[in-house]
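We will go from one selection to the next.

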Amino acid sequence: TNLVKSPWVTIKKQSVITPNGVLDPFYCIEENPWALTIPITPSGEVIMVAQYRHGIGSMSLEFPAGQVDTTDDSIKESALRELKEETGYSPLSSKEVIDLGHVYCDPARTTNKGHGFLVFVDEHPQTSQQLDEHEDIHVVKLPLQDVYRLSTESSSPFFYHAAHLSLFYRALPHLSF
């Protein structure tokens, strides 16, 4: 039974039979997949975005990301579109994009899957931001070492999104710092 159905989320009430018994009711949250980029400049700076996140009632410093759009030819194309829209940056070439795989954000309750790409970009954006009317996104450049340090500090206003953190750590073997 669908309790909520919108373009952004569907919440279903289900009866689930597991090897250990019946979960009734079980609530499953279906959300569209999303894709992020971890953009790195030749000088080793990471391009990030700061934006308000209503779910936590606070600003969050994150990697550029957004929903996979069904009009895009691939998940990679969605990720690169979001990078350009949110920051104005594009990859130096198609060879400068490394697929980091995917993560499930909360596999106990959701179907939501996030995809990550490490992207090598120029020092400066190629275009201006192309934000939707409801977006207020600020581009932040930080040295890779600072991003790593912030990712390990529990008091940091950084990596509130655990999936972003997971994909960042997958990117590290491809980087030298």
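Which residues is Tyr 27 in contact with, leaving aside its neighbours within four places in sequence? Select Tyr 27 and look around it. Tyr 27 is in contact with Leu 3, Lys 12, Lys 13 and Arg 109; contact means heavy atoms within 4.5 Å.

Before going on, note how to read the model. This is a predicted model: local features need pLDDT of at least 70, side-chain atom pairs count only at pLDDT 80 or more, and totals for chains, interfaces and linings use all residues. Residues are numbered from 1 along each chain as its sequence is written, and side-chain values use heavy atoms, with hydrogens and water left out.

**Stay on Tyr 27.** Tyr 27 sits in strand β3, residues 21-31. Strands (E, at least two residues) and helices (H or I, at least four) are DSSP runs, numbered from the N terminus. Is Tyr 27 buried, partly exposed or exposed? Tyr 27 counts as partly exposed, because its relative accessibility is 40%. Buried means under 20% relative accessible area, exposed over 50%, and partly exposed in between, with a 1.4 Å probe and protein chains only. Tyr 27 and Leu 3 are 24 residues apart in sequence, and their C-alpha atoms are 9.2 Å apart.

**Select β1, β2 and β3.** These strands form an open sheet in the order β1-β2-β3, with antiparallel pairing. β1 (2-5) and β3 are the edge strands, each pairing on one side only. From one strand to the next, the twist averages 25°. Two strands pair if DSSP finds at least two bridges between them. β1 and β2 (residues 9-18) have three bridges. Find Val 4: Ile 11 in β2 stands opposite.

**Move to β5 and β6.** Select residues 45-53 for β5 and 58-62 for β6. How many bridges join β5 to β6? Five bridges join these antiparallel strands. Arg 53 stands opposite Ser 58 in β6. Four residues lie between the strands of this hairpin. Click Gly 57 there: Gly 57 takes a positive phi near 65°.

**Zoom out.** Show the whole chain as a cartoon. The chain has three helices and ten strands. From the N terminus, the elements run β-β-β-β-β-β-β-α-β-β-β-α-α. The C-alpha trace spans about 55 × 35 × 35 Å along its principal axes. Of the 177 residues, 38% count as buried. Among contacts with a separation of 6 or more, 60% are between residues 24 or more positions apart.

Conventions:
Axes fitted to C-alpha atoms, helices over the stretch in contact; angles between N-to-C directions.
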